[in-house]
Amino acid sequence: MPTPRTLYDKIWDDHVVRTDEHGTSLLYIDRQLVHEVTSPQAFEGLRLAGRKPRRPETHLAVPDHNVPTTDRHLGITDPISRIQVEALEANCREFGIQLFDMADKRQGIVHVIGPEEGFTLPGITMVCGDSHTSTHGAFGALAFGVGTSEVEHVLATQCLLQRKSKSMLVSVDGELGRGVTAKDIVLAIIGEIGTAGGTGHVIEYGGDAIRALSMEGRMTVCNMSIEAGARAGLIGIDEKTIDYVRGRPMAPQGELFEQAAEHWRSLNSDPGAEYDRVVHIDAASIRPQVTWGTSPEMVLPVDGSVPDPAEIADPVKAGSYRHALAYMGLTPGTPLAEIPLDKVFIGSCTNGRIEDLRAAAEVARGRKVADSIKLAMVVPGSGLVKEQAEAEGLDRIFTEAGFEWREPGCSMCLAMNADRLEPGERCASTSNRNFEGRQGQGGRTHLVSPAMAAAAAIHGRFVDVREEGA
Amino acid sequence: MPIKPFENFRGAVLPLDRANVDTDAIIPKQFLKSIKRTGFGPNLFDEWRYLDRGEPGQDCSNRPLNPDFVLNDPKYADATILLTRHNFGCGSSREHAPWALADYGFKVLIAPSFADIFHQNAIKNGLLPIVLDEAIVDRLFQLATDSDEPLTIDVDLQNLTLDADGHGTIEIDIDPFHHHCLIHGLDDIGLTLTHADDIAAYEARRQNEAPWLFA
């Protein structure tokens with residue numbers, strides 16, 4: 001009998017071109033997503049070396065990090081941002097790469113449009129010069145972020161030099177409670193294993209609670225694998241995966257689709273396959289999560305209180321806690337539910353898909369954003385998400401409640417465009433990183449689910465969304 | 001891009017006593033709008049290093065410095081070795097982080113662990129990340145901060161050793177392929193293209209097995 005293999009083993013084996021005497025493999029890359037921030041130097045490298053993309057049709061480009069979320073028709077007013085987006089357009093023209101420009105209704109965050117277009121497919125290898133490429137692992141694809149040198153490497157050779165990672169299974173067993181979402185699952189996992197817990201590993205997510213998630217929810221979980229230190233997260237392929245891909249514009253069609261689907265159904269870990277590490281999490285024990293610090297592992301259930309560094313034995317960790325509390329302007333012992341907020345951001349590649357907007361709208365319906373909130377904004381992940389949300393009337397629910405309804409892009413997840421926090425401002429955000437300065441210099445970020453963010457906007461502070469009766 | 005071959009050297013150590021230093025801290029997002037690979041050094045650790053808000057294109061020589069940040073301590077002005085804590089370089093995949101560290105003048109980074117993507121990006125730019133046991137890192141922090149003079153370390157990549165100012169030799173462990181690339185300053189795209197036949201053979205086979213990926 002053949003040795004049982006994990007899903008990661010199977011995808012890896014399918015993509016190894018050759019392995020050298022050092023154990024480094026040349027791994028074939030099926031698809032690459034390209035955006036304006038991490039690609040200009042890669043295209044410049046190609047030009048300097050006189051090289052061309054090996055398979056230009058396997059790359060898809062879109063500007064997302066720098067694009068404005070208001071007054072799109074005015075273009076980009078920041079001249080430096082504009083040059084970067086124009087460079088992407090010129091590079092795509094020169095090298096024959098398909099681009100969704102800012103005026104295209106399919107424009108959006110790379111990790112939202114890949115799945116939406118059927119560019120992301122099960123069983124493939126996929127990279128992008130962006131760490132949240134792990135998102136696409138929800139489709140049983142081996143997808144990971146790379147630096148600019150590797151963007152260039154993939155353009156030129158369709159391959160990357162890789163050493164196989166270790167494997168980790170995170171099994172979320174049982175059923176989630178009401179009001180607890182994919183975002184809470186992944187924050188709880190990071191709280192459990194730490195931001196370096198997955199370093200050197202590819203995480204496969206399994207268990208009943210993961211199987212029960214929609215594709216959108218699975219993308220949210222895989223998206224934040226990088227915040228657990230893992231380059232990639234994976235979920236086995238089932239009929240939900242296949243149904244999501246069927247009929248998408250760039251997916252195979254007809255007979256070819258059925259042939260592909262048959263192969264995809266074989267892409268699950270074999271019974272008895274071994275992992276280097278296995279972690280079990282009880283789904284029923286997960287409560288809505290809120291981060292309190294400046295690392296995603298600094299997270300607690302909403303009914304918790306700000307921790308006390310004096311109670312931490314490890315001096316390096318205690319030091320990190322003290323730095324974090326000073327930056328966040330928080331005092332040990334303060335209940336998370338008493339922390340007042342200034343701004344609310346709903347969007348990003350973590351939580352900018354239609355299901356996320358529906359969950360937030362459900363909480364906001366017929367209510368008003370608290371007077372103390374200076375800005376509550378909803379930024380759809382793509383033009384198509386925006387269109388769908390508007391067809392469902394979600395935009396009106398948000399605007400009637402006092403939220404701003406914006407154009408798609410990365411926006412205040414990383415604040416490269418005009419959307420940002422001012423020093424000292426505190427934000428409930430559905431994004432993925434609460435690092436110092438991430439949403440603007442001196443800004444203070446608390447990561448939460450879309451429903452929790454909407455509830456925080458209504459109350460002006462964190463509340464347990466399970467008590468909202470929504 | 002080909003990298004310069006890594007040569008043995010003696011350098012001074014700058015101790016950055018923080019865990020989980022992320023790439024947003026190493027080089028904040030507003031500087032990622034540049035379409036060049038160079039010029040990021042003055043904005044390395046921008047938010048910790050200066051007291052004002054950094055913007056692209058600014059002349060950094062007149063900006064108010066944060067006197068409490070270790071990079072601004074004159075003792076470490078000539079440092080080329082960055083000593084830090086676990087999970088250095090976590091977060092975004094921005095290669096601007098190693099570009100900024102190298103542009104500032106760092107050649108070697110020492111920590112108990114590095115984030116995966118950052119580690120890979122560092123190697124691609126000829127910057128040597130060295131993983132050492134927590135206890136050795138603790139000891140180096142002590143040596144680096146105890147005296148008025150900076151700690152200097154001899155880095156011998158050929159023989160895979162560090163010599164910390166006569167405090168003993170430390171053996172270092174590095175992926176043999178990375179070692180090979182750093183010592184010889186290889187252009188790994190060029191290296192991969194020497195296997196163009198293997199890539200073409202793989203594509204031909206794969207097109208048969210998974211035609212939907214070639215449609």
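The structure is a predicted model, in which local features need pLDDT of at least 70 and side-chain atom pairs count only at pLDDT 80 or more, while totals for chains, interfaces and linings use all residues. Residues are numbered from 1 along each chain as its sequence is written, chains are lettered from A in the order in which they are written, and side-chain values use heavy atoms, leaving out hydrogens and water.

**Chain B by itself**
- Eight helices and seven strands make up the secondary structure of chain B; these are DSSP runs, with helices (H or I) of at least four residues and strands (E) of at least two, numbered from the N terminus.
- The C-alpha trace of chain B spans about 65 × 45 × 25 Å along its principal axes.
- Chain B has 215 residues, and 58% of them count as buried, meaning under 20% relative accessible area (1.4 Å probe, protein chains only).

**Where chain B meets chain A**
- The contact (heavy atoms within 4.5 Å) draws 62 residues from chain B and 81 residues from chain A.
- There are 11 salt bridges between chain B and chain A, each a side-chain nitrogen of Lys or Arg within 4 Å of a carboxyl oxygen of Asp or Glu.
- Arg18(A) pairs with Asp198(B) in a salt bridge, with the closest N and O atoms 3.3 Å apart.
- Helices of chain B that give two or more residues to the side touching chain A include H2 (46-49), H3 (96-104) and H8 (196-209).
- H8(B) gives the most to that side, with eight residues.

Key. Buried < 20%, exposed > 50% of the residue type's maximum accessible area, 1.4 Å probe, protein only.
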